[in-house]
Amino acid sequence: MGHAGYARPGKPDILCASISTLVINTINSLEELAGETLQVSSNEETGFIRCVVESDLQEKSIFLMDTMVYGLQQLARTYGEKYLTIKFEEV
């Protein structure tokens, strides 16, 4: 079963792939296009990705993050909260 639990066992999980694409593309864009310094760690087995930004986000970085959140919200609406729940936490 995929990390999102959407696909049947042994089948590709399109939801997990979609989430991964949005998140990884955003991380890469933050580094390469916005020039942010990030600390990134991941666990392929669990699908966990952690990204810590080392300074205040620039305006273009905030836009990149907003587009990722928008994409994730669209996936949650399409596939349901059973498979994707988005939580916001003030840090």
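A polar contact is a pair of N or O atoms within 3.5 Å; within protein, one atom must be able to donate a hydrogen and the other to accept it, and residues adjacent in sequence count only if both atoms are side-chain atoms. This term will be needed at several stops below.

The model is predicted: local features need pLDDT of at least 70, side-chain atom pairs count only at pLDDT 80 or more, and totals for chains, interfaces and linings use all residues. Residues are numbered from 1 along each chain as its sequence is written, and side-chain values use heavy atoms, with hydrogens and water left out.

**The whole chain**

Begin with a cartoon view. The chain contains two helices and two strands, where helices (H or I, at least four residues) and strands (E, at least two) are DSSP runs, numbered from the N terminus. Along the sequence their pattern is α-β-β-α. The C-alpha atoms fill a box of roughly 40 × 25 × 25 Å, taken along the principal axes.

Next, switch to a surface view. The chain exposes about 6900 Å², and carbon and sulfur atoms supply 51% of this area. Accessible areas come from the Shrake-Rupley method with a 1.4 Å probe, and for residues only the protein chains shown count as cover. Of the 91 residues in the chain, 24% are buried. Buried means under 20% relative accessible area, exposed means over 50%, and partly exposed lies in between (1.4 Å probe, protein chains only).

**The nonpolar core**

Select I19, V23, L72, L75 and L84. Within the largest nonpolar core, which has 13 residues, these touch the most other members. The elements that give two or more residues to this core are α1 (14-32) and α2 (59-79). A nonpolar core is a set of buried Ala, Val, Leu, Ile, Met, Phe, Trp, Tyr and Cys residues joined through side-chain atoms within 4.5 Å.

Keep V23 selected. Which residues does V23 contact, leaving aside its neighbours within four places in sequence? They are I49 and M68, where contact means heavy atoms within 4.5 Å.

**A nonpolar patch on the surface**

Now select I24, V40 and I49. Together they form a nonpolar surface patch with about 220 Å² of accessible area. Patches are made of residues with over 30% relative accessible area and no salt bridge; like charges are joined within 9 Å, and nonpolar side chains (Val, Leu, Ile, Met, Phe, Trp, Tyr) within 5 Å. A salt bridge is a side-chain nitrogen of Lys or Arg within 4 Å of a carboxyl oxygen of Asp or Glu. I24 belongs to helix α1 and counts as partly exposed because its relative accessibility is 41%.

Move to E36, in the loop between α1 and β1 (38-43). Is E36 buried or exposed? E36 is buried, because its relative accessible area is 6%. Beyond residues up to four places away in sequence, E36 touches L30, E31, V53, S55, D56, L57, Q58 and S61. The side chain of E36 makes a polar contact with the side chain of Q58 at 3.2 Å, and another with the side chain of S61 at 2.5 Å. For a distance across the model, draw a line from E36 to G80: these residues are 44 apart in sequence, and their C-alpha atoms are 32 Å apart in space.

**Stops on the two helices**

Select S29 in helix α1. With a relative accessible area of 10%, S29 is buried. Apart from residues up to four places away in sequence, S29 touches A34 and L64.

Then select K60 in helix α2. K60 is partly exposed, as its relative accessible area is 44%. Setting aside neighbours within four places in sequence, K60 is in contact with L33 and A34. K60 and L33 are 27 residues apart in sequence, while their C-alpha atoms are 8.9 Å apart.

**Before helix α1**

Finally, select D13, in the segment before α1. D13 counts as buried because its relative accessibility is 8%. A polar atom of the D13 side chain lies 3.1 Å from the backbone nitrogen of C16.
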